[in-house]
Amino acid sequence: MFSFFKKKTVTPDVPPAAPADQAPAPAPAGLSPSPVPAAEAEAVPLVFDAETAPRPESKQSWMGRLKAGLSKTSANLSLLFVGARIDDDLYDELEAALLMADAGIDATDYLLEALKRKVKDEKLTDAAAVKVALKALMIDLLRPLEKPFVLGRHQPTVMMISGVNGAGKTTTIGKLAKHMQAHGQSVLLAAGDTFRAAAREQLMIWGQRNNVTVISQESGDPAAVSYDAVQSGKAKGTNVVMIDTAGRLPTQLHLMNELQKIKRVIAKGMAEAPHETLLVIDGNTGQNALAQVKAFDDALQLTGLIITKLDGTAKGGVLAAIARVRPVPVYFIGIGEKIEDLQPFDAEEFVEALLG
Ligand SMILES: Nc1nc2c(ncn2[C@@H]2O[C@H](COP(=O)(O)OP(=O)(O)OP(=O)(O)O)[C@@H](O)[C@H]2O)c(=O)[nH]1
């Protein structure tokens, strides 16, 4: 099966043997055995990064669709440089195009100043060379957001996934679970969206179809569901526990407090967990995405972002804003609903799609 997972030599944070407090214990009632017993699981760690990304033919179609998704911005930016003179008008138009692309004031000012300096230092006189210089600056700006996603340092690796309503949390969890399973990783999901019965059911049905155990509770407390999931993951020797949470707006303070509580309770179930605290962002959200990153990071100390729906009307510049203002790593970007539509973030590839 297509996947971007790869085994790599990475020094684990923990010794391979399970610590005493993680020794197998009886599974909670009502839970079926893990679909892939730990003993059969592939040796870890497994790494998701741009290097392990798809085979060339898949990569081409991925790039084509990423380019198509970001075509609005790339058309605007590229046109600026066609036969242009390097003068204040060009910089003014570039400023407007970057702001239109959702890069925000901070990143736009930063890029413009850096570009002007580069043009002067390198005595660039040709518009095409200025575009190349802008590309290089953008790659430098976005590269700190690249970070490989590693599994296997913890048993289980506990991931908590949050975001506003409809950002793509559940869909992304499904895609990641399939990639992980394809590499022998046993996965357990916690249906932490206890508000919407439909969300819970959606995850349960998905779990049944895909042979993934889903922990769910009819009434209630998402922190309790998450705790149960971690306990169950420890007891069964599951490789990965993913905790889905209900969508919420950063302005809903009681719901943001609830997320903090879920995180605290997970830590009670396993020291140092959650190991990954992820925010899923809809790439079409524009500058509001930055507000989401700030608010969720303040509340949860995020370890990573996943940006979905870059196949829609997304402009892409918001990654520059995130890189400048709140550089939380971007583990994955998504351009559709199929499993191969989720890929590790690669700054160079992204800028290539954005600037052509
Ligand atoms: N075009 C496109 N659609 C996507 C992508 N990722 C998710 N979706 C769609 O976005 C919609 C919402 O996705 P969900 O996974 O249900 O979002 P959620 O964040 O779990 O939603 P709530 O549980 O309501 O908070 C679904 O119709 C998905 O199929 C993507 O990368 N591209």
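The UniProt record, an unreviewed entry, annotates residues 329-342 as "domain: SRP54-type proteins GTP-binding". In this predicted model, the end C-alpha atoms of that span lie 16 Å apart. The span is 43% strand and 0% helix.

**The chain as a whole**
- You can find twelve helices and eleven strands in the protein chain.
- The protein chain has 356 residues, and 46% of them count as buried.
- Take the contacts between residues at least 6 apart in sequence: 81% of these join residues at least 24 apart.

**Around the ligand**
- The ligand has 20 residues around it, and those that come nearest are Gly 168, Thr 170, Thr 171, Gly 247 and Gly 334.
- Helix H6, which covers residues 169-182, gives the most to this shell, with three residues.
- Sorted by class, the shell holds eleven polar, six charged and three nonpolar residues.

**Strand S4 and its partners**
- Strand S4 spans residues 157-162, and six of its six residues are buried.
- Thr 157, Met 159 and Ile 161 point one way from S4, while Val 158, Met 160 and Ser 162 point the other way.
- S4 runs parallel to strand S7 (residues 240-245), and five bridges join the two.
- Strand S8 (residues 276-282) also pairs with S4 in the parallel sense, over four bridges.

How values were computed:
Residues numbered from 1 in each chain as written. Predicted model: local features only at pLDDT ≥ 70, side-chain atom pairs only at ≥ 80, totals over all residues. Buried ≥ 20, exposed ≤ 12 C-beta atoms within 10 Å, placed from the backbone. Contact = placed C-beta atoms within 7 Å. UniProt positions renumbered as here; feature names shortened; annotations may be inferred. Near = placed C-beta within 6 Å. Nonpolar A, V, L, I, M, F, W, Y, C, P; charged D, E, K, R; others polar. Pairing = 2+ DSSP bridges.
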